[in-house]
Structures are given as structure tokens and as C-alpha cells.
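Please read them with the structure open.

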Amino acid sequence: MTTHVLETGGQVCPFPLGEAQKAIAGLPVGDRLTINFDCTQATESIPEWAATAGYPVTDFRKVGDAGWTITVEKAGPASTYAHRDFPNTHGLESQSKGLTP
């Protein structure tokens, strides 16, 4: 496992998120991407994207007066990790559509 660092300080949103998406796409499963940013909107958009993509956030903290750092691990397919991390969600999608699991 290797940790890669992406510096996006000074970039306005949504650029830090877009850069993070591009950077993690090129990483092998198991590697981590540390994103350093100072865009306040990214404090919500990057963790939301990571959760939706099934990438665990291993570190997220404020750095200095107006900066943050977040580390995201590239995981395998989101569906595999969603069921592993949240075992009680099995069948919820089909139940919400009125179908039986």
C-alpha cells in the first residue's frame, strides 16, 4: 500500500474534488490518496464522493487556519464494500422499490 499526495491548495471548488477523482482513478486498489485542500465546500463534497464510491476515509482533519487534509483508500467495487461494511442493508434497495429481495 502506497500513499499518494495531491496538493490542491488555492483551487476553488469543485476543482479539488475533480482532481481527486482523476488521481484515484489511476491508483491500484489498496493505495491511499491524501488530498490537501483549502476550499470549504470540499469538506463536504470529498467525503460524500468517497462514501458514494465506496472508498474508506482513513484520515480527515483541519490543518492550520483554513486548510484540511483527507486520506481516502481506493477500495474494490463499491457494492462489495457496502455489504461488508453495512451488513444490515442487504435487500434495502429492492424493498424500497416495492420488490421482494
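The points below go from the overall fold to single side-chain pairs.

1. **Ground rules.** This is a predicted model, in which local features need pLDDT of at least 70, side-chain atom pairs count only at pLDDT 80 or more, and totals for chains, interfaces and linings use all residues. Residues are numbered from 1 along each chain as its sequence is written, and side-chain values use heavy atoms, with hydrogens and water left out.

2. **Fold.** The chain holds 4 helices and 4 strands. Starting at the N terminus, their order is β-α-β-α-β-β-α-α. Both kinds of element are DSSP runs, numbered from the N terminus: helices are H or I with at least four residues, strands are E with at least two.

3. **Burial and surface.** The chain has 101 residues, and 35% of them count as buried. Buried means under 20% relative accessible area, exposed means over 50%, and partly exposed is in between (1.4 Å probe, protein chains only). The accessible surface is about 6300 Å², with 55% of it belonging to carbon and sulfur atoms. These areas come from the Shrake-Rupley method with a 1.4 Å probe; for residues, only the protein chains shown count as cover.

4. **Contacts along the chain.** Take the contacts between residues at least 6 apart in sequence: 60% of them join residues at least 24 apart. A contact here means heavy atoms within 4.5 Å.

5. **Helix α1, buried side.** Which residues of α1 are buried? They are Pro16, Leu17, Ala20 and Ile24. Viewed down the axis of α1, the buried residues fall within an arc of 95°, so they line one face of the helix. The arc is taken over the directions from the helix axis to the C-beta atoms. These buried residues pack against β1, β2, α2 (42–53) and β4.

6. The face turned away from the buried side carries the exposed residues Lys22 and Ala25. Lys22 has 58% relative accessibility. Its side chain forms a salt bridge with Glu19, at 3.6 Å from N to O. Glu19 is partly exposed, at 27%. Both residues lie in α1 (residues 15–25), 3 residues apart, about one turn of the helix. An α-helix has 3.6 residues a turn, so residues three or four places apart point the same way.

7. **Salt bridges overall.** How many salt bridges are there? The count is 3. The rule asks for a side-chain nitrogen of Lys or Arg within 4 Å of a carboxyl oxygen of Asp or Glu. One of them joins Arg61 and Asp59, at 2.9 Å from N to O. Arg61 is partly exposed at 48%, and Asp59 is partly exposed at 26%.

8. Glu73 pairs with Arg32, with the closest N and O atoms 3.4 Å apart. Glu73 is partly exposed, at 22%. Arg32 is also partly exposed, at 24%.

9. **His4.** This residue is in strand β1 (residues 3–7). Is His4 buried, exposed or partly exposed? It counts as partly exposed, at 27% relative accessibility. Leaving aside residues up to four places away in sequence, His4 touches Leu27, Asp31, Arg32, Leu33 and Thr34. The C-alpha atoms of His4 and Arg32 are 6.1 Å apart, although the residues are 28 apart in sequence.

10. **Aromatic pairs.** The whole structure has 2 aromatic pairs. Phe37 and Trp68 are stacked, 5.9 Å centre to centre with 20° between the planes. Phe37 lies in β2 and Trp68 in β4, so this pair ties together parts 31 residues apart in sequence. Phe37 is buried at 2%, and Trp68 is buried at 16%. Trp49 and Tyr55 form an edge-to-face pair, 5.7 Å centre to centre with 75° between the planes. Both Trp49 and Tyr55 are buried. Rings of Phe, Tyr and Trp (its six-membered ring) pair if their centres lie within 6.5 Å; planes under 30 degrees apart count as stacked, over 60 as edge-to-face and the rest as tilted.
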